[in-house]
Amino acid sequence: MLRNAFAGQAKRPTETELASALGAADGLWKELVANLKRELKLDAEDWNSHSVKAGWSLRLQSKKRNIVYLAPGVGCFLASFALGDKAVAEARKRKLPAGVLKIIDQAKRYAEETAVRMEVHTAKDANVVKTLAKIKLEN
């Protein structure tokens, strides 16, 4: 699993620190966040850390509902979703890359949700994140 670039840091990363850690993926991060807000009407974002050891992530929400968490790594980032059964079934119906379907199939299943985590390195990966966010929002 991708190591959080800000693990061990007590304070939320600044824009400069985020850009430095993400490197070439900084533009991809910014574009994805802007697109999710615009296209899916996500209305809230919040940086949080459940422990200094784990690092920091950006939570994007719609009407107080968590849609996706983005956790910065070095040169890339991690997108995390908690998908319910309907969302997982819908994701399997979509024409997602085989590797993404494998991630969904192998994801840890909890009582009510499936924890789907995928690394984002390319614009193609970011498009999959947008698709999964839309599925999450609709289900």
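1. Ground rules. This is a predicted model, so local features need pLDDT of at least 70 and side-chain atom pairs count only at pLDDT 80 or more, while totals for chains, interfaces and linings use all residues. Residues are numbered from 1 along each chain as its sequence is written, and side-chain values use heavy atoms, with hydrogens and water left out.

2. The sheet. In what order do the strands of the open sheet run? The order is S1-S2-S3-S4-S6-S5, 6 strands with antiparallel pairing. Strand S1 (44–48) and S5 are at the edges with a single partner strand each, so one side of each has no neighbour in the sheet. Helices (H or I, at least four residues) and strands (E, at least two) are DSSP runs numbered from the N terminus, and two strands pair if DSSP finds at least two bridges between them.

3. Around S6. S4 and S6 run antiparallel and are joined by 7 bridges. Across that pairing, Ala82 sits opposite Ala115, and Ala79 sits opposite Met118. Strand S5 (residues 108–109) is joined to S6 by 2 bridges, also antiparallel, with Arg109 partnering Thr114. S5 and S6 make a hairpin that has 4 residues between the strands. S6 is mostly covered, with 5 of its 7 residues buried. Buried here means under 20% relative accessible area, exposed means over 50%, and partly exposed is in between (1.4 Å probe, protein chains only).

4. The largest pocket has a volume of about 600 Å³. Of its 26 lining residues, His50, Ser57, Tyr69, Ser80 and Arg117 are the closest to its centre. Strand S3 (65–72), strand S4 (77–83) and strand S6 (114–120) are the elements that give two or more residues to the lining, and S3 has the largest share, 6 residues. A pocket is an open set of points on a 1 Å grid over the protein atoms alone, where a 1.4 Å probe fits and protein lies on both sides within 12 Å along at least five of seven lines; lining residues have an atom within 4 Å of a point. The volume is the space filled by probe spheres set on the points, which are joined across faces, edges and corners.

5. Helix H2. For helix H2 (residues 26–40), 15 residues at 1.5 Å each should span 21 Å, and the end C-alpha atoms are 21 Å apart, which agrees. The expected span is 1.5 Å times one less than the number of residues. Buried residues in H2 include Trp29, Leu32, Asn35, Leu36 and Leu40.

6. A lysine to look at. Is Lys130 buried or exposed? Lys130, found in helix H5 (residues 123–138), is buried, with a relative accessible area of 19%. Leaving aside residues up to four places away in sequence, Lys130 touches Leu32, Asn35, Leu36, Glu39 and Leu40 (contact means heavy atoms within 4.5 Å).

7. Two loop lysines. Which value does phi of Lys41 take? Phi of Lys41 is near 60 degrees, positive in a residue other than glycine. Lys41 lies in the loop between H2 and S1 and is exposed at 61% relative accessible area. Phi of Lys64 is near 70 degrees, again positive in a residue other than glycine. Lys64 lies in the loop between strand S2 (57–62) and S3, and counts as exposed at 79% relative accessibility.
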